[in-house]
Amino acid sequence: MPYSGPTATHGVAFADAVKVWAKIGFTSFGGPAGQIALMHRVLVDEKRWIGEVRFLHALNYCMLLPGPEAMQLATYIGWLLHRTWGGIVAGMFFVLPGFFVILGLSALYAGFQKFMLVEGIFFGIKAAVLAIIVHALQRIARRALKNPAMFGIAALAFVAIFFFNVAFPAIIAAAAAAGFLGGKFFPQTFAAAAAEAPPEGRDAPALDRYLASGAADHTRPRAARALKIVGVFVLLWAVPVAALYATLGPGNVFAEIGVFFSKMAVVTFGGAYAVLAYVAQEAVNHYGWLKPGEMLDGLGLAETTPGPLILVAEFVGFLAAFRAPGALAPMAAGALGAALTVWVTFVPCFLWIFLGAPYVERLRGIRLLASSLTAITAAVVGVILNLAVWFALHVLFASVTEMHFGWLRLFVPEPRSLDIAALALAAASFFALFRLRIGVIPLVAAAGALGAVYMLGLR
């Protein structure tokens with residue numbers, strides 16, 4: 001049953017919270033930065049449900065976790081307000097609107113991709129998304145690369161993944177270890193600001209008053225509660241994946257989707273663009289579910305819909321099952337693949353919050369954890385640079401040869417295969433985004449329209 005306990009301590013009724021989470025869920029465009037800014041404006045500035053310091057502390061905790069930090073931040077604050085049901089409602093509203101939109105757009109893409117109009121729209125979207133990725137890279141690099149050590153970690157990460165095809169989880173693990181050791185032996189280089197104390201008293205925001213009063217019993221760590229949560233989520237997450245693997249076999253597309261995206265949910269630190277690099281590496285090169293350009297199409301869809309950008313994984317799951325439906329109709333298989341992808345991607349997000357949130361205050365001020373996160377963020381810059389270069393090659397050139405010399409890998413484009421129209425659209429998208437500073441949604445819409453006009457003009 002939904003939480004219906006007393007709200008006098010913080011004064012926020014469950015029904016009021018549901019309305020706010022629904023509003024945020026249906027208007028959460030703009031990627032993680034825009035979604036976090038939206039929550040900050042609504043929850044900190046307008047509603048005053050949570051104070052600035054506690055909001056940032058919660059965000060820092062969510063950034064330590066794999067998965068979409070904005071969705072996990074909503075789940076965490078919802079849990080603080082109204083316990084488990086509050087977290088479930090906040091997290092679900094953050095995901096479901098985008099899930100249904102991406103599902104419909106994925107079906108349109110799969111069923112009508114060969115139509116000239118649809119092909120043209122996605123031709124233009126690819127160019128716009130290339131500019132969006134570079135813009136995101138610039139923002140993250142400005143925040144993460146504060147000194148030569150961070151630049152070095154980013155450069156090493158780029159070289160490792162682009163030239164030597166090192167797996168994304170290995171890069172993250174190496175960066176975390178480097179950050180831990182760096183924080184221990186070079187603390188000034190890896191230093192992170194200590195969290196301030198949250199405000200208290202009658203003028204404090206609702207949650208700060210509530211937590212200071214000692215009435216928030218659900219925030220106290222308990223081993224029995226932690227074991228119960230782990231047991232429940234093993235049933236919800238691991239058991240269905242294991243059952244698919246055991247009954248359908250390792251080569252079945254649904255078993256592969258369950259295993260791969262479950263693994264992704266555990267190792268994908270660094271936000272949606274880092275996730276996309278990992279998914280592209282595996283879904284395109286290893287499983288063969290998609291072509292390189294189709295990853296850009298999926299990101300273009302996710303950029304223009306509400307919810308986490310990691311919903312691009314739903315697009316991948318839909319196409320993977322659509323193209324290997326087995327005994328099912330292709331559209332039905334695609335819908336099941338999409339639903340399975342979203343389930344195994346987001347169920348772990350609730351686990352990380354419900355299991356770890358009671359211990360979150362104990363993380364405050366632990367310097368070595370902050371140092372590891374700093375190094376991971378720097379490595380993610382290198383991973384996203386790899387993504388940008390890899391996509392640029394496949395968007396701008398019709399022919400790109402992958403060459404191997406032992407462990408070394410090179411991508412060599414055929415100069416004569418340069419697509420002048422794609423180059424022109426990409427250049428216009430860069431100018432619109434970096435100089436004119438137009439929003440992501442208008443940019444993608446305009447690029448899609450120009451691509452459609454161009455393709456229809458070729459007929």
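Leaving aside its neighbours within four places in sequence, with which residues is Ser371 in contact? The residues are Gly179, Gly183 and Phe190, where contact means heavy atoms within 4.5 Å. The structure is a predicted model, in which local features need pLDDT of at least 70 and side-chain atom pairs count only at pLDDT 80 or more, while totals for chains, interfaces and linings use all residues. Residues are numbered from 1 along each chain as its sequence is written, and side-chain values use heavy atoms, with hydrogens and water left out.

Ser371 is placed in helix H16. Helices (H or I, at least four residues) and strands (E, at least two) are DSSP runs, numbered from the N terminus. Ser371 counts as buried because its relative accessible area is 1%. The term buried stands for under 20% relative accessible area, exposed for over 50%, and partly exposed for values in between, with a 1.4 Å probe and protein chains only. The side chain of Ser371 also reaches the backbone oxygen of Phe190, at 3.3 Å. A polar contact is a pair of N or O atoms within 3.5 Å; within protein, one must be able to donate a hydrogen and the other to accept it, and residues adjacent in sequence count only if both atoms are side-chain atoms.

Ser372 is likewise found in helix H16, which spans residues 367–396. Its relative accessibility is 12%, so Ser372 is classed as buried. A polar atom of the Ser372 side chain lies 3.4 Å from the backbone nitrogen of Phe180. When neighbours within four places in sequence are left aside, Ser372 is in contact with Ala175, Ala176, Gly179 and Phe180.

Pro205 belongs to the loop between helix H7 (168–185) and helix H8 (206–212). With a relative accessibility of 6%, Pro205 counts as buried. Pro205 and Arg54 are 151 residues apart along the chain, and their C-alpha atoms are separated by 10.0 Å.

For Arg83, phi is near 60 degrees, a positive value in a residue other than glycine. Arg83 lies in helix H4 (residues 69–112), and its relative accessibility of 31% is why Arg83 counts as partly exposed. For Arg437, phi is near 55 degrees, again a positive value in a residue other than glycine. Arg437 is located in the loop between helix H17 (420–434) and helix H18 (440–457). Arg437 counts as exposed because its relative accessibility is 68%.
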